[in-house]
Amino acid sequence: MRLIIQIPCFNEEQTLPQTLAALPRHIEGVDKVEWLIIDDGSKDRTVEVARAHGVDHVVGFAQNRGLARAFMAGIDACLRLGADIIVNTDADNQYPGGVIEALVAPILKGEAEIVIADRQTNLVEHFSATKKVLQRLGSWVVRQASGTDVPDAVSGFRAISREAAERMFIVSDYTYTIESIIQAGSHRTAITSIPIRTNDKTRESRLVKSIGSYVARSVTTILRIYTMYKPLKAFIGLGMALAIPAVLLSIRFVVNYIMEPDLSRHVQSLILVAILSIMAFQSLMFAFLADLIASNRKMLEDALIRIKRLDRAREGIDTSRQGASFESRERVAAPQEVER
Ligand SMILES: Nc1nc2c(ncn2[C@@H]2O[C@H](COP(=O)(O)OP(=O)(O)O)[C@@H](O)[C@H]2O)c(=O)[nH]1
Ligand SMILES: [Mg+2]
């Protein structure tokens with residue numbers, strides 16, 4: 001059992017040493033604990049500092065590409081290195097490294113595939129009242145969109161089993177947190193949470209530059225990913241929202257017309273009915289188109305999972321434990337063939 005702790009870093013020479021100092025080297029039930037950083041084009045000494053403080057693997061980009069891509073590059077690297085469990089934490093020492101043992105416990109016991117640390121944001125002293133309300137509201141929306149019960153949707157402190165990591169594909173540039181939950185919900189990945197208390201703030205958030213833009217980006221992500229994974233629900237819902245007023249208005253028109261057959265007096269509502277009906281019909285067509293694209297995506301995801309496994313098999317990583325995994329129970333054919 002191999003655990004890799006990954007940390008996305010963008011100019012983190014200041015806080016990386018204290019973050020690394022708190023990370024565990026040994027965990028009960030895990031044979032090997034390794035550390036990996038993803039350097040997202042840092043201009044400071046992040047990489048040197050990481051190496052000097054015992055980081056085992058460094059991957060990264062020459063230029064800044066944003067947290068979501070860095071996160072995925074880390075996941076990919078960890079899988080290639082043969083990680084059975086991946087823990088993601090932040091470089092600003094926001095999350096207590098000592099909790100990692102508890103964070104991976106549900107995965108070790110086979111009770112979950114993704115464990116998300118719940119920061120209990122209502123208890124965080126340096127969060128403003130507005131931020132607390134938005135965090136609560138945002139997490140609630142993500143729960144509805146994903147069909148999961150994750151209390152803290154944007155927490156970056158997570159443990160992920162190999163099978164869940166293989167199924168994770170992030171298309172956003174900005175952050176992976178919300179997208180990965182909606183995706184996991186649609187994949188029926190077992191997600192659980194454990195409550196934690198965060199450390200004191202070491203610096204201002206780099207991701208949340210202003211609350212307004214953060215909310216706008218989050219809403220866009222939720223809409224985008226929701227329509228990607230639940231296209232029928234989203235577009236038929238929209239179609240219904242347009243069709244219902246169209247029907248009501250046309251009933252109103254007919255009643256009015258019978259009572260007072262002077263067409264010119266009611267023609268406005270008839271025009272509105274026509275416009276709404278066309279839009280409703282188009283939404284319905286969109287629903288089928290988007291559903292078609294979504295089913296293609298599912299097949300692509302399956303193909304990519306197999307490619308990742310072939311990659312690992314080629315690099316000589318033992319995949320024998322896959323027989324007992326969640327994934328192989330779902331898709332029986334894939335892993336055994338890779339082993340040979
Ligand atoms: N790869 C990458 N990581 C980033 C970027 N901005 C922030 N991070 C990392 O994302 C994590 C969280 O960032 P932080 O500024 O603490 O945001 P918070 O989640 O709002 O506290 C840290 O590990 C940062 O180094 C970026 O542009 N690229
Ligand atoms: Mg932070």
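Predicted model: local features only at pLDDT ≥ 70, side-chain atom pairs only at ≥ 80, totals over all residues.
Reader: What percentage of the residues in the chain is buried?

Author: A residue counts as buried if 20 or more other C-beta atoms lie within 10 Å of its own. Applied to the 340 residues of the chain, that criterion gives a buried share of 35%.

Reader: Which helix gives two or more residues to the shell around ligand 1?

Author: The shell holds 19 residues, and the closest are Asp40, Ala70, Ala91, Ser205 and Arg206. Two elements give two or more residues each: one is strand E1 (2-9), and the helix is H3 (67-80).

Reader: Are H5 and H7 roughly parallel or roughly antiparallel?

Author: The axes of H5 (residues 129-146) and H7 (residues 177-187) come within 8 Å and cross at roughly 30°. Angles under 35 degrees count as roughly parallel, so H5 and H7 are roughly parallel.

Reader: Which residues of H7 meet H5?

Author: The crossing of these two helices, H5 and H7, is right-handed. By class, their contact has five nonpolar, two polar and no charged residues. From H5 come Val142, Ala145 and Ser146, and they meet, in H7, Ile178, Ile181, Ile182 and Gly185.

Reader: How does H7 lie against H8, roughly parallel or roughly perpendicular?

Author: The axes of H7 and H8 come within 9 Å and cross at roughly 25°. With the limit for this class at 35 degrees, the pair H7 and H8 is roughly parallel.

Reader: How many charged residues are in the contact of H7 with H8?

Author: H7 passes H8 in a right-handed crossing. Ile178, Glu179, Ile182, Gln183 and Ser186 in H7 meet Ser218, Thr221, Ile222, Ile225, Tyr226 and Tyr229 in H8. These divide into six nonpolar residues, four polar ones and, for the charged class, one.

Reader: Is Asn93 buried or exposed?

Author: Asn93 lies in the loop between strand E4 (85-88) and helix H4 (100-108), and its phi is near 55°, a positive value in a residue other than glycine. It has 24 C-beta neighbours inside 10 Å, and the cut-off is 20 or more, so Asn93 counts as buried.

Reader: What about Gln120: buried or partly exposed?

Author: Gln120 sits in the loop between strand E5 (114-118) and H5, with a positive phi of about 50° although it is not a glycine. There are 14 other C-beta atoms within 10 Å, so Gln120 is partly exposed.

Reader: Which residue takes a positive phi just after H7?

Author: The phi there is about 60°, and the residue just after H7 is Arg188.

Note on methods: Residues numbered from 1 in each chain as written. Chains lettered and ligands numbered in written order. Near = placed C-beta within 6 Å. Helix = DSSP H or I, 4+ residues; strand = E, 2+ residues; numbered from the N terminus. Axes fitted to C-alpha atoms, helices over the stretch in contact; angles between N-to-C directions. Parallel < 35°, antiparallel > 145°, perpendicular 65-115°, else oblique. Left-handed = near helix turned anticlockwise from the far one by under 90°. Contact = placed C-beta atoms within 7 Å. Nonpolar A, V, L, I, M, F, W, Y, C, P; charged D, E, K, R; others polar. Buried ≥ 20, exposed ≤ 12 C-beta atoms within 10 Å, placed from the backbone.
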